[in-house]
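Have a look at the picture first, then read on.

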Amino acid sequence: MKQCMFGLLILSLFLTGCWDRRELNELAITLAIGIDKVEDEYQVTTQVVVPSEVSMKGSTGSTTVALFTASGETVYEAIRRMTKDSPRKIYPGHLRMLVIGEELAQEGIGKSLELLSRDWELRPDFYVVVAKDIPAKEILNVTTAIESIPANKMFNSLKMSEKAWAGTHSITLHELIADLTSDGKEAVLTGIQLIGNKEIGSSKQNVETISPAARIKYDNLAVFKEDKLVSWLTEKESRGYSDITNSVKTTVTPISCPKEGKATIEVIQSNSDVKGNINNGKPEVDINIKVEGNVGEVECKINLTKLGTIDELEKIYEKEVIEIINETLDTLQKQYKTDIFGFGEAIHRSNPKEWNKMKENWDEEFSNLTVNVKVDMKLHRTGTINNSLLEKIKD
Amino acid sequence: MMQNVKINSYQFLILVTLFSIGTSILIVPSVLATAAKQDAWIVAIFGTGIGLLVIWLFCTLAQWFPHLTFIQVTEKILGKWVGKAVSLLFVFMSFIYASSLLFYSGTFLNTHLMPNTPMVALNILMAIIIVMGVRLGLETIARSAEILILFFFVLFLFLVLFISPEVKFENVQPVYEAGTRTIVQSSLSFIEVTSVNAIVLLMIFPAFINKFKQAKKSFLIGNLIGGIVIIILTFLSVSVLGADNTAAEFYPSYELAKRINLGDFIQRIEALMAALWIIALYFKTTLYFYASVLGIAQILNLKDYRPLTIPLGMIVVVLSLVIYPNVVYQQNWNATTGIFFSYSIGLFLPLLLVVVYAIRKKQLKKSPESSSV
Amino acid sequence: MWFLKKKNIKELNPSPPSPSQAVAPQKKDALKTSLQQNIQTLKDTLGESSDIIIREIRIGKEGTIKAGIIYTDGLTDTPSLQNFILETLMLDIKGIELQKKTSPEQNLISILKDVALTVGEIKEITNLDVLFTSLLSGDTIILIDGYAQGLIISNKHWVERGVTEPAAQTVVRGPREGFTENLRVNTALIRRKLKDPNLWMESKIIGTRTKTNIAIVYINGIANDKIVKEVRLRLDRINIDGILESGNIEELIQDSPYSPFSTVYNTERPDVVAAALIEGRIAILVDGTPFVLLVPALFVQFFQSAEDYYVRTVIGSLIRLLRFFASGISLLAPALFIAITTFHQSMLPPALIISLAAQREGVPFPAFIEAVIMEVTFEILREAGVRMPRSIGSAMSIVGAFVIGTAAVEAGIISAMMVIVVSITAISSFVSPSYDIAIAVRMLRFAFMALAASFGLFGITVGLIALILHLCSLRSFGVPYMSPIAPFNVSDQKDTFIVLPIWKMFTRPRLINQQNRVRQQDSASAKPAPTKK
Amino acid sequence: MLKSMGILLIATAILLIEVPPLLEKKYKKELLVFSILLVIGVGLSIAQGLGKTIPNPMDLLTYMFKPLNDVIAHLSK
């Protein structure tokens, strides 16, 4: 007994301070990685936090992050090569954002993601976005206001935006990989843009003015076929995509009033249910969307105190959303022929045998797919007032 | 010294549970998902059912000799020399599996927690507590299992609770796509890991348990609980990660822990959850090791098995470093030779014993002392 | 190595009962009839010890009978000696005809004992050895010339501490009395709580030089006979020259001496002892110390405080859970901190890792060394605080820790987070109601830190498994140390992690006590009567 | 070399811990088995420490079960 305890102690003393021990101040905490394709090599850019600048004490006024760039034939090689430049080893365990350059996205993102899913240290819960019209490196090279760490800014604004705006869509690495590997679903990714002067953008000067010279902003969804970027959706189509794939958390939707003017509906809950089935040997998809919401803003003459008005608004909402959805479906079915909605999976779930037959030429089947959309809207409240104050102003 | 050790049936239940969970918790979801895709959990249910039959066979064999260990039973039924030879094979199996489990724990830690630490260091550390446990005796192992299973189930409950918001039922649909043939085929390896290998528990059951009737029940219930844990885990892996991803991961259940994110607050706890796997692996390895050490001692008619623990511990560590040159070899071996090896000792040997016993029954009853000792 | 050690001891002590030889070569020698001879023997043996008073007087009508009164100054009650012994012998019985050898039946000693002396406890002796023991424990000895017997008059009295509040185990609610250094007072304190004829006290004298009085106290019929026998056996096996504190006895009788965990419980509180006796435990009282030993001791017992049973059940349970939790923190906090910050950084929330990394910028030591420095510093401060005079002790330790902590952080040697972790650990270690468990935990903490520094959380897990294995292998007088957790026992869970109301505790702990398990016959009757609607 | 020294040192420690009680109890057979196993253990450890290839028991098993394996593989096709 005691010999064992003794042995254990001796052993641990011998082994102390070895192998995997890394002190916190030996790590280059990387919050964002950008991957571009430059010529035939991967160019990897990492945004590394400078901890002493983030903390209250001891900041010297320089930027809170540093950027390191290295190229290599593979992503892993590039990251390891980075130590030639960086004083500490890149530590990706807290990665928040992966930015993929548009060029690379067009060529195919699969290869560059392989390392990220294999490495033990990475937690695949970071967001993946595509830089639109610009290399990923430039996106990471911008200072931001409020959130002093740009990666955190990107992460938080994507998260908030997804919660409050149906047009944006956050996709983590494991979701992306699931989409890429699935037979019946293609991937989408949110785009990110740089607006303004990128020269000033990289300096601290950028955030010293009220309105920064350069800012980064999310854009619409990028559509993938296999792992290659095919095209970008418009904002409306992005909205339609969210509706179909049950990823609306809350959002607002402007609709037209019965007569003229606009009203805004605040969606507080939205549930969509996609069901696949086979009808006369032909695949079919039913989309059932149940929405609950409030009247958020009324910019027209309607009498909200009347019972029928709410019903009317519900009808209008349903009609307009179905239009948006149909438009989205149309674009994807006819134009891009890529099934980003997971209709294939839906059919697989309901009719595995039939699915196995049509799996091979699903893209064709998809473009001829009949989709039945049903929206059921329920309005509950009208905010803190009933009739609009506009009523009185006009009088 | 060996006779006065007795554990109660509740403690045995816990040991059986931990033994059934053991390695399965790490690798089974992946193995099942490879073959049966999203129906992996059905395989687990099916396997648990068949596994119970196997356990029932063990119980049947054990009830004829309620005071003997497996080694002594083989000697009694097959005669001294044949029995010893067969016992040697049995000991060899449990010894090989002890080092194989040591390899698992080392590889698991190397893959997910400490890639730069040499595996030999991890294995030595693990072997130290295994040897310590075996030296302290079965009673101590059983009692510590009683405490550690609390930790285990608390962690497991956390895992299940925290991951449940991530469950997507779409991932397990369509149900029963794999078909009966695939399900039966792939359940073979599941039954091997959770039930067939439980033959080593015949080294403590029924000889060291105080009430046979209850112990028999414990054996079955323990195996069932272990099976249920694996079923839940397989279901969660498939429904959260998706069938493809589950199949691709070496340790899907660990990946599951990585996915935990409850309100951005309870997250990043996978390293803590690793204790779950270490506890389960520890007890399974210890039981294998105990069976082999006790087995050797009984084959050679030694009075005390304790002196053998440390040298055998050394050998186990060395073996754990050489038996699998790499993880791919390990997966291959497990899928082919491993299954045959386990089944021949864990299923055909007891069947053979039952048959021989049936034939020699009268002869054995007449002179109970003739063939043994 | 082992047998070498054993041999050495044997060589040093060729015959086991050697220490007594020097003291009393005439051991077992009977008293002589001649007073002069007896007094000479006494003087020879005791040397010129100034505290031994030998007074020679003459008694009887004509003062014909020589008598000697021997006592130890300071240990004997001088007023009673004067009033009841000297006065009686020299004045009151002066008129009575006392003759030396009237008849063999008329024994002067018996006359004195039966008729004359007006004191409570008197014993006759013939043995010098007993004489010495009694004399040196404060009794007065009367020897009469011509008799090979003597009288021991028990009138011990010395200045001692009264019954005060125990210092080590304080409670907010509960009796404020604690044991004292006097064995008799202590037995009285127990007897006052348990007026049960079955409360038996067996006396023993242990220690060839100290002759320490020891009492084994148990309730006959409740305590497990096997354990009582075992305790007796172990105490009888002791062959040592001195017992100065119950700690000596504890070390001599406990099961695994090298374990950091104590398998004998000690307490200063009579109510704790009484409660333990009712549960079927056995108390060992040692003269000269207020600490009473209780066996068998279980792991969970060290987390129980007397107060748990005096406050409301919910509060008691929560506080007990808190104690387990605090001990966990005290054991693991620095180790977990080391493991997480140096091995599993991915466990830290993103905001925290940046702030921790910022704190560590410029800290020259690895986290492990940092933690060891701080923990050792703290242990030194704590020890200093205990040994210092009480008035400045606690202030010093707190101020010391604060100053060193703050200064070290300002100087950039230690990161601020480490100071926080060490402080939490320190505070948690004070929560434990028992000093024994607190000290074991403090010791093991360093082992866990070392394991964490080399293997991270895996090391900690391995350490915990090893610790639990060790705890499970312990036994206290045959009872598994970890019971009722392992082996698990449902009915004993009522007083393990939680404290059920006292009317629910209708059986005694199972493993400690095999007979007479029921404490109250009908649990329902003990409950408050249901209110009528 | 350093590794072998360490292993021998550990083996010595094990001997010191295990042998005296065995001698005391006169467990001759146990002592014999213990010594044989210890020699095997030390030998294997040193061989492993020096980077020698140790025959893999798994390969032996694979060889033994190969015919069965082939039959099953054939059947399942």
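In which helix of chain C is Ile315(C) found? Ile315(C) sits in helix H11, residues 313-342. Helices here are DSSP runs of H or I with at least four residues, strands are runs of E with at least two, and both are numbered from the N terminus.

Before going further, a word on ground rules: this is a predicted model, where local features need pLDDT of at least 70, side-chain atom pairs count only at pLDDT 80 or more, and totals for chains, interfaces and linings use all residues. Residues are numbered from 1 along each chain as its sequence is written, chains are lettered from A and ligands numbered from 1 in the order in which they are written, and side-chain values use heavy atoms, with hydrogens and water left out.

**Out on the surface**

Back to Ile315(C). With 42% relative accessibility, Ile315(C) counts as partly exposed. A patch is made of residues with over 30% relative accessible area and no salt bridge; like charges are joined within 9 Å, and nonpolar side chains (Val, Leu, Ile, Met, Phe, Trp, Tyr) within 5 Å. The areas themselves come from the Shrake-Rupley method with a 1.4 Å probe.

Chain A has a patch of another kind: Glu39(A), Asp40(A), Glu41(A) and Glu73(A) form a negative one. Asp and Glu count as negative, Lys and Arg as positive, while His and the chain ends are not counted. Glu39(A) lies in the loop between strand E1 (27-38) and strand E2 (41-49), and Glu39(A) is exposed because its relative accessibility is 73%.

As for chain A overall, it has 15 helices and 13 strands. Its C-alpha atoms fill a box of roughly 80 × 60 × 60 Å along the principal axes, and 52% of its 395 residues count as buried.

**A helix under cover**

Now hop to chain B. Helix H1 (residues 9-21) has 13 residues and reaches 18 Å from its first C-alpha to its last, close to the 18 Å expected at 1.5 Å a residue. That expected span is 1.5 Å times one less than the number of residues. Why is H1(B) largely enclosed by the rest of the structure? Because 12 of its 13 residues are buried, among them Phe12(B), Leu15(B) and Phe19(B).

**Charges that pair up**

Side chains of opposite charge can pair when their charged atoms come close. A salt bridge is a side-chain nitrogen of Lys or Arg within 4 Å of a carboxyl oxygen of Asp or Glu. The whole structure holds 47 of them over all chains. Here are three:

| Pair | N to O distance |
|---|---|
| Lys185(A) and Asp179(A) | 3.5 Å |
| Glu375(C) and Arg445(C) | 2.8 Å |
| Lys204(C) and Asp236(C) | 3.3 Å |

Lys204(C) is in strand E6 (residues 199-206) and Asp236(C) in helix H8 (residues 225-237), so this pair ties together parts that are 32 residues apart in sequence. Lys204(C) counts as buried at 17% relative accessibility, whereas Asp236(C) is exposed at 51%.

Glu375(C) and Arg445(C) are both buried. They also take part in a network of salt bridges that includes Glu379(C), Arg382(C), Glu383(C) and Arg442(C).

In chain A, Lys185(A) is buried at 17%, and Asp179(A) is buried at 11%.

Most residues other than glycine have a negative phi, and most peptide bonds are trans. So which residues go the other way? Ile146(A) has a positive phi of about 65°; it lies in the loop between helix H6 (136-139) and helix H7 (150-164) and is exposed at 90%. Asn246(A) has a phi near 60° and is partly exposed at 36%. In chain C, the peptide bond from Val295(C) to Pro296(C) is cis, with omega near -10°, and the bond from Ala486(C) to Pro487(C) is cis too, with omega near 0°. Pro487(C) is found in the loop between strand E12 (479-480) and helix H17 (523-526).

Conventions:
The place of a charge is taken as NZ of Lys, CZ of Arg, CG of Asp or CD of Glu. Buried means under 20% relative accessible area, exposed over 50%, partly exposed in between (1.4 Å probe, protein chains only).
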